[in-house]
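Okay, thanks for coming, everyone.

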Amino acid sequence: ATRYSELFFGKGRRWIADPSGLVEVKAGAEVWWKDTTFWNTDPAGRRQLVVHLINPPKLMEVEANPRSELRPPLEKVEVLCRPVDGALPRAAWLVTAEPLDPAEPAEVRQIAIALEPVEGGKVRVTAPSVIFWKIVVLEF
């Protein structure tokens, strides 16, 4: 159960106060990510940019939502990354305990996702959906 713990508690994990110079997230509705973006160093010493994608609650106060109503899942959430020190990420993956498609069963897993070159020398990765929370890891 702790196989991905370095993404949450790693010794090399450092919060990025303003990630807007590094990454941009595009979604069809509000998605939280700016306060949950970190630099990390994996056990092999590789630098990682870790972006937590969170579908926010329908209402901020639990008492205001007694039926626990949820927002619809976010679809095709794009994460765009600019070069860092002249380099683009060389690999990317999703870490998730929720399905890729809301109709699938839940499963804890790490899934490789394609890096797509886009205008401006950036790369893009796409999370197929975010029901509650998925993590995008960009490895340099």
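Before I point at anything, a word on the labels: strands here are DSSP runs of E, at least two residues long, numbered from the N terminus. And keep in mind that this is a predicted model.

So, with those labels, where is F132? It's in the loop between β9, which is 122-130, and β10, which is 133-139. Its relative accessibility is 46%, so F132 counts as partly exposed; the cut-offs are under 20% for buried and over 50% for exposed. F132 also belongs to a nonpolar surface patch, together with L70 and W133. How much area does that patch have? About 330 Å².

Let's go inside. The largest nonpolar core has 25 residues, and the ones touching the most other members are L49, V51, L53 and L138. Which elements put two or more residues into this core? Those are β2 (23-26), β4 (47-54), β5 (74-81), β6 (91-96), β9 and β10. There's another core lying apart from that one, with seven residues, among them L7, W93, V95 and I135.

Take L53 as a way of looking around. If you skip the neighbours within four places in sequence, L53 is in contact with V25, V31, W32 and W33, then V77 and V79, then A127, V130, F132, W133, K134 and V136.

Buried or exposed? At 5% relative accessibility, H52 counts as buried. Its side chain makes a polar contact with the side chain of W133, at 3.1 Å. Again leaving out the neighbours within four places, the contacts of H52 include L7, F8, W32, W33, T36 and F38, plus W133, K134 and I135.

On to charges. How many salt bridges does the structure hold? Twelve. I'll show you three of them.

One is E139 with R46, where the closest N and O atoms are 3.3 Å apart. This pair links distant parts of the chain: E139 sits in strand β10, R46 is in the loop between β3 (37-41) and β4, and they're 93 residues apart. E139 has 7% relative accessibility, so that end counts as buried. R46, with a relative accessible area of 33%, is partly exposed.

E139 also meets R90 side chain to side chain in a salt bridge, 3.1 Å from N to O. R90 lies in the loop between β5 and β6, and E139 in strand β10, so this pair ties together parts 49 residues apart in sequence. R90 counts as exposed, at 53% relative accessibility.

The other one I want to show is K134 with E98, 2.8 Å from N to O. K134 is in strand β10 and E98 is in the loop between β6 and β7 (109-112), so here the parts tied together are 36 residues apart in sequence. K134 or E98, what's the accessibility on each side? K134 is at 0%, which counts as buried, and E98 is buried too, with a relative accessible area of 7%.

One more thing on the salt bridges: some of them share partners, and that joins D42, R46, R90 and E139 into one network.

Notes. Residues are numbered from 1 along each chain as its sequence is written. This is a predicted model: local features need pLDDT of at least 70, side-chain atom pairs count only at pLDDT 80 or more; totals for chains, interfaces and linings use all residues. Side-chain values use heavy atoms; hydrogens and water are left out. Patches are made of residues with over 30% relative accessible area and no salt bridge: like charges are joined within 9 Å, nonpolar side chains (Val, Leu, Ile, Met, Phe, Trp, Tyr) within 5 Å. Accessible areas come from the Shrake-Rupley method with a 1.4 Å probe; for residues, only the protein chains shown count as cover. A salt bridge is a side-chain nitrogen of Lys or Arg within 4 Å of a carboxyl oxygen of Asp or Glu. Helices (H or I, at least four residues) and strands (E, at least two) are DSSP runs, numbered from the N terminus. Buried means under 20% relative accessible area, exposed over 50%, partly exposed in between (1.4 Å probe, protein chains only). A nonpolar core is a set of buried Ala, Val, Leu, Ile, Met, Phe, Trp, Tyr and Cys residues joined through side-chain atoms within 4.5 Å. Contact means heavy atoms within 4.5 Å. A polar contact is a pair of N or O atoms within 3.5 Å; within protein, one must be able to donate a hydrogen and the other to accept it, and residues adjacent in sequence count only if both atoms are side-chain atoms.
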